[in-house]
Amino acid sequence: MKKYAFLLMIGLLTIGTAVARNGNFIRVTVPERDSTVIAAKFLRLNACTAPGSSLTINGESYKVYPSGAFAGYIALQPGTNRLVIESSHPDLGKVTKTLVVESRIPEPEKEVTGFSIEYARTIPAVDLSLQTGDLLHVRMKALPGCQAFFLGNKPMYELPEFQTNGIKGIYQGTYRIQP
(Lines give C-alpha, C1' and ligand atoms only; values in the text may rest on other atoms or scores of the structure.)
Protein backbone atom coordinates (compact mmCIF):
# COMPACT_ATOMS: atom_id res chain seq x y z
CA MET A 1 0.00 0.00 0.00
CA LYS A 2 2.84 2.39 0.87
CA LYS A 3 4.42 1.60 -2.47
CA TYR A 4 1.29 2.72 -4.36
CA ALA A 5 0.99 5.93 -2.32
CA PHE A 6 4.62 6.70 -3.09
CA LEU A 7 4.13 6.09 -6.83
CA LEU A 8 0.95 8.20 -6.83
CA MET A 9 2.85 11.04 -5.12
CA ILE A 10 5.69 10.81 -7.70
CA GLY A 11 3.12 10.86 -10.50
CA LEU A 12 1.41 13.95 -9.10
CA LEU A 13 4.75 15.73 -8.69
CA THR A 14 5.65 14.88 -12.28
CA ILE A 15 2.32 16.21 -13.53
CA GLY A 16 2.74 19.36 -11.42
CA THR A 17 6.23 19.91 -12.82
CA ALA A 18 5.00 19.46 -16.40
CA VAL A 19 2.22 22.00 -15.84
CA ALA A 20 4.65 24.50 -14.35
CA ARG A 21 7.13 23.91 -17.20
CA ASN A 22 4.43 24.28 -19.87
CA GLY A 23 2.38 27.04 -18.20
CA ASN A 24 2.81 30.78 -18.38
CA PHE A 25 5.19 32.40 -15.89
CA ILE A 26 6.89 35.67 -14.88
CA ARG A 27 10.49 35.49 -13.65
CA VAL A 28 11.97 38.81 -12.42
CA THR A 29 15.77 39.08 -12.22
CA VAL A 30 16.08 42.82 -11.48
CA PRO A 31 15.11 43.82 -8.86
CA GLU A 32 16.18 40.68 -7.02
CA ARG A 33 13.28 40.72 -4.54
CA ASP A 34 9.52 41.18 -4.85
CA SER A 35 9.74 43.97 -2.26
CA THR A 36 12.55 46.53 -2.34
CA VAL A 37 13.54 50.06 -1.32
CA ILE A 38 15.49 52.26 -3.74
CA ALA A 39 16.68 55.88 -3.80
CA ALA A 40 15.60 56.65 -7.37
CA LYS A 41 12.74 58.02 -9.48
CA PHE A 42 12.86 55.05 -11.88
CA LEU A 43 13.10 51.30 -11.39
CA ARG A 44 15.09 49.21 -13.84
CA LEU A 45 13.13 46.01 -14.45
CA ASN A 46 14.56 42.93 -16.19
CA ALA A 47 12.42 39.82 -16.44
CA CYS A 48 11.08 37.10 -18.70
CA THR A 49 7.85 35.30 -19.45
CA ALA A 50 6.69 32.61 -21.87
CA PRO A 51 7.65 33.50 -25.47
CA GLY A 52 4.62 34.68 -27.42
CA SER A 53 3.01 36.37 -24.40
CA SER A 54 1.69 39.90 -24.25
CA LEU A 55 2.63 41.85 -21.15
CA THR A 56 1.43 44.85 -19.16
CA ILE A 57 2.75 46.58 -16.07
CA ASN A 58 0.02 48.52 -14.25
CA GLY A 59 -2.00 48.39 -17.48
CA GLU A 60 0.76 49.74 -19.75
CA SER A 61 1.97 47.42 -22.53
CA TYR A 62 5.62 46.38 -22.76
CA LYS A 63 7.43 44.60 -25.59
CA VAL A 64 8.13 40.91 -25.06
CA TYR A 65 11.09 39.77 -27.17
CA PRO A 66 11.00 36.43 -29.03
CA SER A 67 13.04 34.88 -26.20
CA GLY A 68 10.34 35.92 -23.69
CA ALA A 69 12.55 38.63 -22.17
CA PHE A 70 11.14 42.05 -21.30
CA ALA A 71 12.65 45.10 -19.65
CA GLY A 72 11.89 48.69 -18.85
CA TYR A 73 12.44 51.74 -16.71
CA ILE A 74 9.35 52.22 -14.60
CA ALA A 75 8.58 55.72 -13.32
CA LEU A 76 8.01 55.72 -9.55
CA GLN A 77 6.19 58.07 -7.22
CA PRO A 78 7.82 58.96 -3.88
CA GLY A 79 6.74 56.37 -1.30
CA THR A 80 5.29 52.91 -1.91
CA ASN A 81 4.62 51.79 -5.50
CA ARG A 82 2.75 48.60 -6.44
CA LEU A 83 3.72 47.21 -9.82
CA VAL A 84 1.28 44.62 -11.16
CA ILE A 85 2.87 42.64 -13.98
CA GLU A 86 0.42 40.63 -16.07
CA SER A 87 1.46 38.17 -18.77
CA SER A 88 -1.14 36.68 -21.14
CA HIS A 89 -0.39 33.85 -23.54
CA PRO A 90 -3.01 32.58 -26.05
CA ASP A 91 -2.36 28.91 -25.18
CA LEU A 92 -0.78 29.01 -21.72
CA GLY A 93 -3.13 31.44 -19.98
CA LYS A 94 -2.65 34.46 -17.80
CA VAL A 95 -0.34 34.98 -14.83
CA THR A 96 0.16 37.97 -12.53
CA LYS A 97 3.05 39.03 -10.29
CA THR A 98 3.11 42.04 -7.96
CA LEU A 99 6.24 43.94 -6.95
CA VAL A 100 6.30 46.49 -4.13
CA VAL A 101 8.93 49.20 -4.58
CA GLU A 102 9.46 52.00 -2.10
CA SER A 103 11.07 55.07 -3.67
CA ARG A 104 12.96 57.16 -1.11
CA ILE A 105 14.13 60.21 -3.00
CA PRO A 106 15.89 62.79 -0.83
CA GLU A 107 14.49 66.30 -1.10
CA PRO A 108 16.81 68.62 -3.02
CA GLU A 109 18.40 71.41 -1.00
CA LYS A 110 16.69 74.80 -1.19
CA GLU A 111 18.07 78.21 -0.42
CA VAL A 112 17.56 79.62 3.06
CA THR A 113 15.13 82.52 3.27
CA GLY A 114 15.22 84.94 6.18
CA PHE A 115 18.17 85.38 8.50
CA SER A 116 18.94 81.90 9.76
CA ILE A 117 21.46 79.09 9.69
CA GLU A 118 19.97 75.83 8.45
CA TYR A 119 22.99 73.69 9.35
CA ALA A 120 26.66 73.79 10.27
CA ARG A 121 28.78 70.65 9.99
CA THR A 122 32.27 69.35 9.54
CA ILE A 123 33.45 68.08 6.18
CA PRO A 124 33.19 65.10 6.03
CA ALA A 125 30.09 65.04 8.25
CA VAL A 126 31.42 62.39 10.64
CA ASP A 127 33.05 62.33 14.08
CA LEU A 128 36.65 63.40 13.65
CA SER A 129 39.78 62.82 15.70
CA LEU A 130 42.22 65.62 14.87
CA GLN A 131 45.78 66.37 15.94
CA THR A 132 47.96 69.45 15.88
CA GLY A 133 48.44 70.56 12.27
CA ASP A 134 45.34 68.79 10.89
CA LEU A 135 42.80 70.83 8.94
CA LEU A 136 39.23 71.20 10.18
CA HIS A 137 36.81 71.96 7.34
CA VAL A 138 33.44 73.45 8.28
CA ARG A 139 30.45 73.99 6.00
CA MET A 140 27.32 75.99 6.78
CA LYS A 141 24.08 76.69 4.95
CA ALA A 142 22.63 80.11 5.70
CA LEU A 143 21.17 83.23 4.11
CA PRO A 144 23.09 84.02 0.87
CA GLY A 145 25.22 87.14 0.53
CA CYS A 146 26.27 87.49 4.18
CA GLN A 147 29.55 87.32 6.07
CA ALA A 148 30.01 84.14 8.09
CA PHE A 149 32.50 83.20 10.80
CA PHE A 150 33.21 80.16 12.96
CA LEU A 151 35.31 79.61 16.09
CA GLY A 152 34.82 83.28 16.93
CA ASN A 153 36.60 85.08 14.12
CA LYS A 154 37.58 82.48 11.50
CA PRO A 155 36.04 83.60 8.18
CA MET A 156 33.90 81.39 5.98
CA TYR A 157 33.50 82.05 2.28
CA GLU A 158 30.36 81.60 0.23
CA LEU A 159 30.98 78.88 -2.35
CA PRO A 160 30.18 79.58 -6.01
CA GLU A 161 26.95 78.02 -7.26
CA PHE A 162 28.77 75.63 -9.63
CA GLN A 163 30.23 73.89 -6.54
CA THR A 164 26.89 73.65 -4.72
CA ASN A 165 24.49 72.37 -7.41
CA GLY A 166 23.15 75.89 -7.93
CA ILE A 167 22.33 76.54 -4.25
CA LYS A 168 23.33 79.95 -2.90
CA GLY A 169 24.28 80.45 0.74
CA ILE A 170 26.68 77.54 1.25
CA TYR A 171 29.69 78.78 3.23
CA GLN A 172 32.93 76.96 3.92
CA GLY A 173 35.91 77.66 6.15
CA THR A 174 39.09 75.90 7.21
CA TYR A 175 41.03 75.95 10.48
CA ARG A 176 44.44 74.38 11.18
CA ILE A 177 44.47 72.73 14.63
CA GLN A 178 46.92 74.51 16.93
CA PRO A 179 49.00 72.92 19.74
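**Exercises on salt bridges**

Lys97 has a relative accessibility of 22% and therefore counts as partly exposed. The model examined here is predicted.

**Exercise 1.** Determine which side chain meets that of Lys97 in a salt bridge, and where the two residues lie.

*Solution.* Step 1: the side chain of Lys97 meets that of Asp34, with an N to O distance of 3.4 Å. Step 2: a salt bridge requires the nitrogen to be within 4 Å of the carboxyl oxygen, so this pair qualifies. Step 3: Asp34 belongs to the loop between β1 (26–30) and β2 (35–38), whereas Lys97 belongs to strand β8 (residues 93–103). The pair thus links distant parts of the chain, 63 residues apart. Step 4: Asp34 is partly exposed, at a relative accessible area of 40%.

**Exercise 2.** Decide whether Glu118 and Lys141 are each buried, partly exposed or exposed, and state which strands their salt bridge ties together.

*Solution.* Step 1: the closest N and O atoms of Glu118 and Lys141 are 3.4 Å apart, and the two residues form a salt bridge. Step 2: Glu118 lies in strand β9 (residues 117–123) and Lys141 in strand β10 (residues 135–142), so the bridge ties together parts 23 residues apart in sequence. Step 3: Lys141, at 1% relative accessibility, is buried, because the cut-off for buried is under 20%. Step 4: Glu118, at 49%, counts as partly exposed.

**Exercise 3.** Identify the salt-bridge partner of Arg104, and give the number of salt bridges in the whole structure.

*Solution.* Step 1: the side chain of Arg104 meets that of Glu102 at 3.0 Å, N to O. Step 2: Glu102 is partly exposed, with a relative accessible area of 26%. Step 3: a search of the whole structure finds four salt bridges.

Notes: Residues are numbered from 1 along each chain as its sequence is written. This is a predicted model: local features need pLDDT of at least 70, side-chain atom pairs count only at pLDDT 80 or more; totals for chains, interfaces and linings use all residues. Side-chain values use heavy atoms; hydrogens and water are left out. Helices (H or I, at least four residues) and strands (E, at least two) are DSSP runs, numbered from the N terminus. Buried means under 20% relative accessible area, exposed over 50%, partly exposed in between (1.4 Å probe, protein chains only).
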